[in-house]
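Please provide a briefing on the model shown below, covering its sheet, its helices and selected loop residues.

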Amino acid sequence: MERLQDRVAVITGAGSGIGLATARRFAAEGARVVCADISAEAGEKAAAEIGGQFVRVDVGDEKSVRSLMDGVAQRHGRLDIVFNNAGISPPEDDSILDTGLDAWERVLRINTTSVFFGCKYAIPHMRRQGKGSIINTASFVALMGAATSQIAYTASKGGVLAMTRELGVQFAREGIRVNALCPGPVATPLLIELFAKDPERAARRLVHIPMGRFAEAEEIAAAVAFLASDDASFMTASQFVVDGGITGAYVTPL
């Protein structure tokens with residue numbers, strides 16, 4: 001399918017994981033993809049693979065994000081799709097009893113404030129053209145509670161969800177759709193590394209997934225491509241859950 005033919009798309013955190021899988025999917029569907037990442041090595045490699053462009057960006061820095069969005073609109077004449085995907089989940093983010101203020105503020109800035117910046121500086125370009133699709137990465141943890149807490153991460157994703165809902169409503173009649181993607185646990189390098197260090201923690205999580213496995217990044221990318229496309233033309237201010245059934249489960253299969 002080429003649902004995104006010639007559309008200009010920006011993906012943050014495009015150098016790995018869900019971002020990289022989405023860059024590949026967008027390119028396969030005909031989009032002109034701008035791979036934004038803080039890692040020049042990873043971002044340049046991703047852009048080279050898909051025939052896209054690389055822009056180094058620090059999503060926690062307002063000037064950096066503004067320069068990204070303005071630069072893409074200036075070079076391409078438009079900005080059709082923004083996937084605010086970059087995020088972190090550091091090991092020092094744990095129970096509220098153990099998580100320090102530095103970790104709390106860092107996670108909120110990279111996971112939530114970055115989405116504020118991305119939307120703030122993408123929406124004016126989309127308003128001028130009368131159309132656009134923004135997808136913000138939230139998480140299933142924005143919808144549920146967990147005893148294996150990552151308190152800052154959970155709070156950050158709840159903020160993304162609420163902000164997305166508000167923006168989706170505010171700009172709906174201007175042709176701009178804003179939706180939140182809520183993935184379940186994904187087999188990204190970050191998660192694999194985390195659970196390799198703590199198999200017991202991984203087992204405690206897997207038991208709650210009805211499908212009995214973590215998602216593949218390509219499965220999440222397919223959902224992003226749908227939200228970016230006109231197939232989702234009547235969707236905005238929504239939480240799009242792709243979690244293997246976690247949020248619908250009370251007791252899971254043996």
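**Sheet and helices of the predicted model**

Helix α4 lies across β4, β5 and β6, and runs at about 175° to β5. Helices (H or I, at least four residues) and strands (E, at least two) are DSSP runs, numbered from the N terminus. Contact means heavy atoms within 4.5 Å. Axes are lines fitted to C-alpha atoms, for helices over the stretch in contact, and angles run from 0 to 180 degrees between N-to-C directions. Helix α8 (residues 217-228) also packs on the sheet, where it touches β4, β5, β6 and β7, and its direction makes about 165° with that of β6.

This is a predicted model, in which local features need pLDDT of at least 70 and side-chain atom pairs count only at pLDDT 80 or more, while totals for chains, interfaces and linings use all residues. Residues are numbered from 1 along each chain as its sequence is written, and side-chain values use heavy atoms, with hydrogens and water left out.

**Sheet architecture**

- Seven strands form an open sheet in the order β3-β2-β1-β4-β5-β6-β7, with parallel pairing; two strands pair if DSSP finds at least two bridges between them.
- Strands β4 and β5 pair in the parallel sense over four bridges, and Val-82 has Ile-134 in β5 as its bridge partner.
- Strand β2 (residues 32-37) runs parallel to β3 and is joined to it by four bridges, with Cys-35 standing opposite Phe-54 in β3.
- A right-handed β-α-β unit is made by β2, α2 and β3; a crossover is right-handed if, with the strands pointing away from the viewer, the path from the first strand over the helix to the second runs clockwise.

- Eight of the eight residues of strand β6 (residues 176-183) are buried, so the strand is largely enclosed by the rest of the structure; buried means under 20% relative accessible area, exposed over 50%, and partly exposed in between (1.4 Å probe, protein chains only).
- Ile-176, Val-178, Ala-180 and Cys-182 point one way from β6, whereas Arg-177, Asn-179, Leu-181 and Pro-183 point the other way, and all are buried.
- Six bridges connect β6 to strand β5 (residues 132-137), and the two run parallel; Ile-134 stands opposite Val-178 in β6.
- From β5 the chain crosses through helix α5 (residues 151-170) to β6, and this β-α-β crossover is right-handed.
- Strand β7 (residues 239-242) runs parallel to β6 and is joined to it by four bridges, with Gln-239 in β7 as the bridge partner of Ala-180.

**Packing of α1 and α2**

- Helix α1 (residues 17-28) packs with helix α2 (residues 40-50) at an angle of about 20°, their axes being 10 Å apart.
- The two helices, α1 and α2, are therefore roughly parallel to each other; angles under 35 degrees count as roughly parallel, over 145 as roughly antiparallel, 65 to 115 as roughly perpendicular and the rest as oblique.
- The crossing of α1 and α2 is right-handed; a crossing is left-handed if the near helix is turned anticlockwise from the far one by less than a right angle, and right-handed if clockwise.
- Leu-20, Ala-23, Arg-24 and Ala-27 of α1 make the contact with Ala-46, Glu-49 and Ile-50 of α2.

**Loop threonines**

- Thr-99 lies in the loop between β4 (81-84) and α4 (101-129) and, at 15% relative accessibility, counts as buried.
- Leaving aside neighbours within four places in sequence, Thr-99 is in contact with Glu-92, Asp-93, Asp-94, Trp-104 and Ile-151.
- The C-alpha atoms of Thr-99 and Gln-150 are separated by 8.5 Å, the two residues being 51 residues apart along the chain.
- Thr-148, in the loop between β5 and α5, counts as buried at 18% relative accessibility.
- Not counting residues up to four places away in sequence, Thr-148 touches Arg-201, Arg-204 and Arg-205.

**Positive phi values**

- Asp-6, in the segment before β1 (8-12), has a phi near 65°, a positive value in a residue other than glycine.
- With a relative accessible area of 46%, Asp-6 is partly exposed.
- Ala-237 is not a glycine, yet has a positive phi of about 60°.
- Ala-237 is placed in the loop between α8 and β7 and counts as partly exposed at 23% relative accessibility.
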